[in-house]
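I opened this entry to keep a record of what I looked up in the structure. I wanted each point tied to a residue or an element that can be found again.

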Amino acid sequence: MSSLSLRASKRFKATPPTFTPWVCHACRQRRTFAFTTPFNQQQPPPPQQQQQDDNPTHFGFETISSSLKASRVGAVFSSVASNYDTMNDLMSLGIHRLWKDHFVRSLNPGIRPTSGKEQEGQRILDIAGGTGDIAQRLLDHATTINGDTKTHVTISDINPAMLSEGRKRFAASPYTTADRVDFLEANAETLPTIESNSIDLYTVAFGIRNFTHKDVALREAFRVLKPGGVFACLEFTPHLNNSLLDAVYKRWSFGAIPLIGQVVAGDRESYQYLVESIERFPRQEEFRDMIKEAGFMVPGGGEGEGWEDLSAGIAAVHKGVKPV
Ligand SMILES: C[S@@+](CC[C@H](N)C(=O)[O-])C[C@H]1O[C@@H](n2cnc3c(N)ncnc32)[C@H](O)[C@@H]1O
């Protein structure tokens, strides 16, 4: 059985939900999913609107013109690409691995073969996939947990240097030989080579806070997903749940992370940006509402609901389903 399971966190359970049937297009089974907004009241997403590129936007704590943001972010990731995986371990004390494992497990990618039936596998799009850390886990889970040898992941990223690290990771992998992974250099805000209604699962981990127009990227996610397809995002949050912990964590992140960047990678500025960009990302409620505005059904979705906090709210998982 495949389940892009939308596991209810404590927050999701806070108000009595309505149970709405939907059809998983990967396994063609009917499922139910709890919502506080009835699914027949969901509005279709508004037509795509390209924002004025000279609008001001954030680049960390700086305010810059939107048209400059992608290239500034590009320079950061070109600079960090070769040290990216090592630096992630150092900066998070390895905890990013636990979050990513949890994120992927909660999505349960892949389709369990049913006896005597040829299964197609899922089509997964890992946006801002960088060095392929999430894609590797998605494929490992589909294969080892669900016995699925067909599910395919496209690792998409705007940055060729990050993709090149991903290519190295998969160069000698059986997933490459079996044609279960490919790479796409693209801006998440416009994915013209991906057909509408073609993707079962869209993942984005620690990427969306770097996008210039997050709302545009969310609408593009909505477009490419099949009805019943799942949008899943793992991202840092600007504030922890506890103000004391928040103060300690901010001291660590603003003090240690740029310093580690300087000592290990010889690049303080890029790591300063990475820390500042977390502060500029919307709070969980606001981001949950942006996902809903793009047209997705969000579990729970009432006050203080609709996402799952990780490690006291250092990071959060957001999910949405494209209505059938
Ligand atoms: C912090 S890394 C995350 C990589 C990977 N998902 C992980 O969790 O290890 C952020 C990635 O977002 C990519 N990115 C930034 N802006 C993007 C955009 N507009 N479209 C696609 N990818 C983007 C960067 O190039 C970078 O590879």
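**Whole chain**

I note at the outset that this is a predicted model. I looked up the secondary structure and found 10 helices and 11 strands in the protein. For burial, I read that 44% of the 324 residues count as buried. I then took the contacts with a separation of 6 or more, and found that 75% of them are accounted for by residues 24 or more positions apart.

**Ligand shell**

Which residues come nearest to the ligand? Of the 21 residues around the ligand, I listed Ala128, Gly130, Asn159, Ala188 and Gly207 as the nearest. Helix H1 (66-80) and helix H4 (133-145) are the elements that give two or more residues to this shell, and H1 gives the most, with three residues. Sorted by class, the shell around the ligand holds 11 nonpolar, seven polar and three charged residues.

**Helix H1**

The 15 residues of H1 should span 21 Å at 1.5 Å a residue, and the end C-alpha atoms are 22 Å apart, which agrees. I found Lys69, Val73, Val76, Phe77 and Val80 to be the buried residues of H1. Seen down the axis, these buried residues fall within an arc of 85 degrees, so they line one face of H1. The buried residues of H1 pack against strand S3 (56-59), strand S4 (62-65), H2, helix H5 (160-171), H8 and H9.

I also looked at Ser67, which is found in helix H1. Is Ser67 buried or partly exposed? Ser67 counts as partly exposed because it has 13 C-beta neighbours inside 10 Å, whereas a residue is buried only with 20 or more. Leaving aside residues up to four places away in sequence, Ser67 touches Asp53 and Asp54.

Helix H3 (residues 95-107) has 13 residues and reaches 19 Å from its first C-alpha to its last, close to the 18 Å expected at 1.5 Å a residue. I noted His96, Trp99, Lys100, Phe103, Val104 and Leu107 as buried in H3. Those residues cover an arc of only 125 degrees around the axis, which puts them on the same side of H3. The cover over the buried residues of H3 includes helix H2 (84-92), H4, strand S8 (199-205), strand S9 (225-236), S10 and S11.

H3 is followed by Asn108, which lies in the loop between H3 and strand S5 (123-127). Asn108 has a positive phi of about 45 degrees although it is not a glycine, and with 19 C-beta neighbours inside 10 Å it counts as partly exposed. Ile111 has its place in that loop between H3 and S5 as well, but Ile111 counts as buried, because it has 24 C-beta neighbours inside 10 Å. I found Ile111 and Thr143 to be 9.1 Å apart in space, C-alpha to C-alpha, and 32 residues apart in sequence.

**Hairpin of S10 and S11**

Strand S10 (residues 307-310) and strand S11 (residues 315-321) pair in the antiparallel sense over four bridges, and I saw Glu308 standing opposite Val317 in S11. The hairpin has four residues between the strands, and Ser311 takes a positive phi near 50 degrees there.

**Two exposed loop positions**

Asp179 lies in the loop between helix H6 (174-177) and strand S7 (181-185). I recorded for Asp179 a positive phi of about 60 degrees, although it is not a glycine, and with 9 C-beta neighbours inside 10 Å Asp179 counts as exposed.

Gly266 is found in the loop between helix H8 (243-265) and helix H9 (268-279), and is exposed, with 9 other C-beta atoms within 10 Å.

Methods
Residues numbered from 1 in each chain as written. Predicted model: local features only at pLDDT ≥ 70, side-chain atom pairs only at ≥ 80, totals over all residues. Buried ≥ 20, exposed ≤ 12 C-beta atoms within 10 Å, placed from the backbone. Contact = placed C-beta atoms within 7 Å. Near = placed C-beta within 6 Å. Nonpolar A, V, L, I, M, F, W, Y, C, P; charged D, E, K, R; others polar. Pairing = 2+ DSSP bridges. Expected span 1.5 Å × (residues − 1). Arc of directions from axis to C-beta.
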